[in-house]
Each structure stands twice: as structure tokens, then as C-alpha cells.
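This briefing is meant for a reader who is meeting the structure for the first time.

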Amino acid sequence: MENITKRQLFNVGLFLFSIFIAVPLIISATGRWDFYFTLTSVALLAIASAGVWLTFYIGRINIGQGAFALIGAYVSAILVVKGGISFWISLPAAGIFAAIVAIFIGMLVLRLRGVYFAMITLVLTQVVTLTALALPITNGAKGISSIPLPSGVSLFGIPILPDFATMANTKLAFYYTACILMVLTYAALYRLVNSRLGHLCRSMQQNEELASSIGVNIAHIRIVIFAISSFFGGIGGAMFGSIAQSVYPSSFQVADSVNFMLNCFLGGLGYVFGPMLGTLVLYFGWDLLFELGKYQMLVYSIILIAVIRFLPNGLLSLQFGKGARK
Amino acid sequence: MEQILANGVYLGSQYAMIALGLTLIFALMNVLNFAHGQMYVIGGFVTYTFYGQLGVPFVLALLMSCISLAILGALIEKFLFAPVIKGSKREESTMLLAAGIAFLLDALILLIFGEKQRGVPKIIDGVFNWDFRVIMPYDRILICVLAILSIICFICFMQYSKTGRALRALAQDRTAAQLMGVNVDRYSMIGFALGAMLAGLVGGLLVTITGINLGMGGPTSIKAFMMVMIGGAGVISGAIAGGIILGFMEAIGLAVLSQYGDITYLLIFVSLMIFLAIRPQGLMGKPWG
């Protein structure tokens, strides 16, 4: 942490300024209010992608983030609708529940590596979707709809967070909430990567046996990392459910899990902020291509394939070369 | 009980064929082919077009499925996978590429064949009925026999032909195979084409029974992944074993657990996780394949 340069500080300041002040100004100037929803989605998907990136940091390809996002979305929705609990309590609860599920699943499957781990996490996504269809508490295919907007929070009579339902512009409020969450996530991620745990993770990414032989408790670390990763997934999913005000078994599917992975790979796995960039590019690209109608998917996938074909090491590999590698 | 076993054999033989194609591609190139399910769907649509719409004999239509998928697979390998494998620092990039191809094929299927469920007329009518203990339509039996026959043909091809021997050498050790004079680039392409062809063949066979639609691609890939994990990735016998085991589990699960709702897959997944915790490489796989 001590080697943060002035330039990095400046960049972070610029980034914060642009997402919290410049973007709302530009949007209100141009009148494209629909961009708020797009950008909010980008921020939330970036949180979930950060989790995928973290599991890659210990050398595992995680295609199961959609499962944890769905779990998070359902936990939050059930707590708010059936339990009548404030959304702001259900949000961390969703993350923690996803993390607990991840600990149980992780204990069994984290011994797997490479494509085996990738395959089982992919299967996990499908299984969670099917389970959500089958269980009575998740209301089957009908899902949980008309979730109330997040209510206000006040501590000792002092309002801390306003009631979203009374607000004139919920889009802006959700945008700010999502951005704050995203900034917190990435700050945590950056701190984690540059901590002792981060060093241990890097050693595991390179060679697990070797790391184990010099005394790294790999079984412990990989479960902790997987739990943190799923926590991010649960938070992202819960927030998404709250914005859409509904959760269905199809809210997060296999394709979403694959997209989370694509976000990370495309942004570049060597960089903490890679998944954020990847999410922005992919989601925005998808959104901009909307006007092509039925050719949207075709053009999108062709661009995607072309990017991988000609830049196999991620988008950020273009800009910095080896300078900013972590 | 006999009915469940018969269903298990029927499901298992098809699943084994799907898993074979996937595992072949994985063994040769270390590529997890996400687009396998989409290739299966394309195979189904090609057979539908030729047999269902143009009235070509079924066997010929099936052959057209195989040929078109083999060509598609060869092109994908030559122009996409081979350069990416050479150019990227991490082998995971191929996974990304495979996912991109899955999206592309989905888009192409949507544009060319549309999103409707398609079916073809039955090949043969009638139902086999053994004392009401085993009831199975004749066309299912025919498809099942055809699937088992093609699996046997495929195994013989891999065991005794020159191409098959080269492919097996390639799967064992790429460098050693190259040193022994195997043209690695060419046989990688042939192997990929063969894997895609198998997917197309199953698609063509199954279109006569279940029909085909756009949404079948993804779930098929997932099932294929499960089978490959049960049996062990990259091993032909493992893929067959995995396919048959999953087929039986599904048949039994659907029969026994039907009153509890759709939890068959949850149970299969939980047992798969426990199984993999004990034996991470699957039944017959090499450790960390």
C-alpha cells in the first residue's frame, strides 16, 4: 500500500470524479436517462465479475458466479418480501448467505482444478436455476415480483439513507448506490490483492504444490477466497433484484455466468480493474448494438471472437504493456 | 423397473455419443468446447431441413448433418482455435473463444432456422410392447441401436485406423506425436471435425424423437460437461461410462422422484460433487487431465 504514487492517486480521483459528478452531469445535459440503468447494471455486474476475478487469482476459472448472484437475489427478495426486513439489512445477509453456501460447496469442489473446476461451477449455475424452479419458497417459475423499493434508514432518529420510494428520481439514487458499492468492492479487492493474503494467492496461482510445501495453508485460503468471491456475487445479485424489483429463476442463467467470466478475461486477468473495464465494454457494446435488432447477437459475438482472436491477452494488455502488471 | 432400465439404456446411449465428441476435442486440444450443444442443435436442424422439408431419405439427411458439422468444425479449428492457441499466453483464452463461438452459433441458428420448435415425421410407426412391462416406440429403439452402432464404429475407428492411431498419439503427448512424424496441425483439425461431426450425428438422430429448438444447445453442453466429469475428461471409455451413468441416473430419478418435483438434477449434482471430492479425476481420467 505504501507505493501508491501521486499519479495513481490522481487517476483514482479522476475516476471517482467522473462516475459521481461528470456522468450525472453529462446524462442530464444530453437527456439520455436510459443510460443510468445501463451504467447501474454495469456497476453491479462489475461487482460480481470482481468475484470471478478473485477466484482466478488463486488459479481457478469460476463460471458459477451466476449461481451465487441468483442465490443473493433470492435471499434478499425473500427477506424483504416475506420477512419484512429492511433491504439494507438483507443486502449483507444475501452476501453472507452466498458466502456460506460457497464455503460448503467450496470444501468439496475446490480440490478440482482447471477445466474440471470450470465445468463443475458451470453445472452449479444450471443446478441453482433448476432448484429455484423446484423449491416452494422461491415461488417456482413465477419468481418473486413487486419487491418494494429500499426503505429509509435512520440511526437514533437521524436519517442516514433516504426512503427510495419517496424519491423523485430513483434511477439516480440506484446509480449512486451501485457506484458506491462498486468503488467499495474494488477498494477491498485492491487492498486484498496487495495484502499478505494477496501474495499467498499469487503463490497459489503459480504453483499450488510449491506454495503448500513452503507452509501456505492452501485449503484454507482457497475456501476464504471462494467465499469472498461469492459474497461479491451475492451482493451484486441482491442489488440487481432490488433494482428490477423482481427475481426469477431466469434472472441469472448459464449465459450470465459465462458473461461474468468473459468480463474478466476480456478486461485482462493481470489487472485489478480489468473486470470493471471488461464489464463496461461488453455491456455497453451489447447495449449499443441493440439498434441492430435481430443481428445484435451476431455482431456482438463476431466482435467478441475478433477481440479474442487478435488480442488473446485482454484489452488492458493493449494500453500498459508490462508497466502496470500486478 | 424394466421400463426404467430400458429408458436408461436409451438415454445413456445418446448421452454417451454427445460426451464422446466433447471429450475427443478436449483430449486433443485441451479445449473445453462450450459450443458443443450448439453444434448438436445445428446437426438437428440440418437433418430437419433435408429430411423433414426436402424429403431426402433419412440416412442421407443424417449424412448431410455429419458432413456439414465436420466442415464447420474444421473451419472453426483452422481459423479460430489454432491461431488463438498459438498466440495466447494462457490456455484459458480458448475457453473464452469457445464461449464466443457458442454465442455466434446461437445467433446463426436464430437467423437461419428461427426459434420455433421443429420436428420431423416418425421414421417408423408402432410401439414395442412387452407385456406392458417395457413399452418403447420402435423409432426410439432404432435410434438407440443406431447410436450404439455409431459408438462401436467410432471406437473401432480410433483403435484400428491410421487416423485414429494418430489422434490417440496426439492426445497422449503432443510433442512426442510430432516427433514421431504426426502432422499435428492437420490431425488437430481432423479431430475437431470428428468431434463436431459426432455432435451433429446425435442432433440428426434425436431430431426424429425430441425435435429440435434453439434453446436446447446450452443445457446439452451442461449435460455433456457432467458426463465428462463423471467419466474423466479426455478419456473415451470415460465419456461412454459417464453418458450411460447419467442416462441411468436421470431415468431412475425421473421415475422415482417425480412426485417431489424437479429435484433430480439437484440430487445428481450433489452426488457428483461428493463423488468428485473423493475422486477428482473422474472414474477413468488421468489425474488433473
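## Where the two chains meet

In this predicted model, the contact draws on 44 residues from chain A and 48 residues from chain B. The area buried between chain A and chain B comes to about 4400 Å², and carbon and sulfur atoms give 81% of it. The points below are grouped by topic, starting with the contact itself.

**The contact between the chains**

- A:Tyr116, A:Met119 and A:Ile305 together supply 16% of the area that chain A buries against chain B, which is more than any other three residues.
- Between chain A and chain B the count of salt bridges is zero.

**Helix α12 of chain A**

- Helix α12 of chain A covers residues 296-310, and its 15 residues reach 21 Å from the first C-alpha to the last, close to the 21 Å expected at 1.5 Å a residue.
- The buried residues in α12(A) are A:Gln296, A:Leu298, A:Tyr300, A:Ser301, A:Leu304, A:Ile305 and A:Ile308, and A:Ile305 is also one of the three residues named above for the area that chain A buries against chain B.
- These buried residues of α12(A) pack against α10 (254-267) and α11 (274-288) of chain A, together with α3 (58-87) and α4 (93-113) of chain B.

**A buried serine in chain A**

- A:Ser49 is found in helix α2 of chain A, which runs over residues 34-57, and A:Ser49 is buried, with a relative accessible area of 0%.
- When its neighbours within four places in sequence are left aside, A:Ser49 is in contact with A:Phe260, A:Asn263, A:Cys264, A:Pro275 and A:Thr279.

**A hairpin in chain B**

- Strand β1 (residues 127-130) and strand β2 (residues 134-137) of chain B pair in the antiparallel sense over four bridges, with B:Phe128 standing opposite B:Met136 in β2(B).
- β1(B) and β2(B) form a hairpin with three residues between them, and B:Asp131 in the turn has a positive phi of about 60°.

**Helix α6 of chain B**

- In helix α6 of chain B, which covers residues 162-172, the buried residues are B:Gly164, B:Ala166, B:Leu167 and B:Leu170.
- Seen down the axis of α6(B), these buried residues fall within an arc of 160°, so they line one face of the helix.
- On the other side of α6(B), B:Lys162 and B:Gln172 are exposed, while the buried residues of α6(B) pack against α1 (2-29), α5 (138-160), α7 (174-179) and α8 (184-206) of chain B.

Note on methods
Residues are numbered from 1 along each chain as its sequence is written. Chains are lettered from A and ligands numbered from 1 in the order in which they are written. This is a predicted model: local features need pLDDT of at least 70, side-chain atom pairs count only at pLDDT 80 or more; totals for chains, interfaces and linings use all residues. Side-chain values use heavy atoms; hydrogens and water are left out. Helices (H or I, at least four residues) and strands (E, at least two) are DSSP runs, numbered from the N terminus. The expected span of a helix is 1.5 Å times one less than its number of residues. Buried means under 20% relative accessible area, exposed over 50%, partly exposed in between (1.4 Å probe, protein chains only). Contact means heavy atoms within 4.5 Å. Two strands pair if DSSP finds at least two bridges between them. The arc is that of the directions from the helix axis to the C-beta atoms. Buried area is the accessible area (1.4 Å probe) that two parts lose on being put together, summed over both. A salt bridge is a side-chain nitrogen of Lys or Arg within 4 Å of a carboxyl oxygen of Asp or Glu.
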